[in-house]
Amino acid sequence: MKKMTILAAMALVATTASAQYTCDPTVETVLAKGKVTKVMTISLDASAEAQFAAQGATITAAGPNDMERNFWIWDNTFSAGDSSLPGVGDQTDGYISLIVGTAGWSGAGFNVADPGVDTSWWNDDTRFHLAYYSPATAPASIALVINDADGVNTPAKVSLGDAFNDNGAVYPAIGPKSNDDWQGIDISFADLKRIYPAFVPTASTSWKGNILSFLAGGVAGQTLALDAIYFYQLEDQSGVQNVAIDENLPVVYYNLQGVRVDNPENGIFIARQGSKSMKVVK
């Protein structure tokens, strides 16, 4: 039987399961899931924000404000694209539209500096939502790096389209390749942990870092557009809170590339016990 590495297996599982994270990206689809209690926006139109607010959700912003929160592009890796077409839900508030440049690679993202944003409500049930499309030629894969607080936590690294290969590090796919219509992904932190086991989100009253960055390869002229980017929390309707279910489960270790390590020593690892995880030094 042909052997398969852990990363390759992760990519295969994520690719076959990615359909369950794909959604109609409009706000009505999220509202249909139940009462939304909290929303943290990166890029969201005013009409959608108003619908969340009308449901009683607390809304905070983590998107650009030209002060401590910025959208950045690595030099010459992207240029501005056409954002004149309607965004998600036919809104006209605008969205991020980019064209891959001639640097041979591409990278951009949303950064939060001092004083940071409040992520103290983040937990396994927190959900990440994003809409995407390609106005012209689509990249084969778009890599997403979610919640990267440098030196504090390990971000989730996933992709849209093919599993993204970043110099040998594989980002498993959670959604299909972009096309000429808006598509959406909607995924919980718990599922991000299962797909990318090294992921450790950080709950903090002053979270700082690259809350979302992305890569789209190095083929000049390929395009992508992003909209409806936000984190949110649904009201807990289970009636059961703080149930301890992990204490008797085995502890499994992964290195920072997401590869399981059976006998960890002399390094930094992610210890996972059921749905709980933490960074440890051996």
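## Start of helix α3

A polar contact here is a pair of N or O atoms within 3.5 Å; within protein, one must be able to donate a hydrogen and the other to accept it, and residues adjacent in sequence count only if both atoms are side-chain atoms. This is a predicted model: local features need pLDDT of at least 70, side-chain atom pairs count only at pLDDT 80 or more, and totals for chains, interfaces and linings use all residues. Residues are numbered from 1 along each chain as its sequence is written, and side-chain values use heavy atoms, with hydrogens and water left out.

Now look at helix α3 (residues 46-54): at its start, a side-chain oxygen of aspartate 45 comes to within 3.2 Å of the backbone nitrogen of serine 47. Just after α3, glycine 56 has a positive phi of about 100°. Helices (H or I, at least four residues) and strands (E, at least two) are DSSP runs, numbered from the N terminus.

## Strand β14

All six of the six residues in β14 (residues 183-188) are buried, so the strand is largely enclosed by the rest of the structure. Buried means under 20% relative accessible area, exposed over 50%, partly exposed in between (1.4 Å probe, protein chains only). Gln183, Ile185 and Ile187 point one way, Gly184, Asp186 and Ser188 the other.

β14 pairs with β8 (residues 127-133) in the antiparallel sense over six bridges; pairing takes at least two DSSP bridges between the strands. Arginine 127 sits opposite serine 188. β1 (residues 22-23) also pairs with β14 in the antiparallel sense, over two bridges, with cysteine 23 partnering glycine 184.
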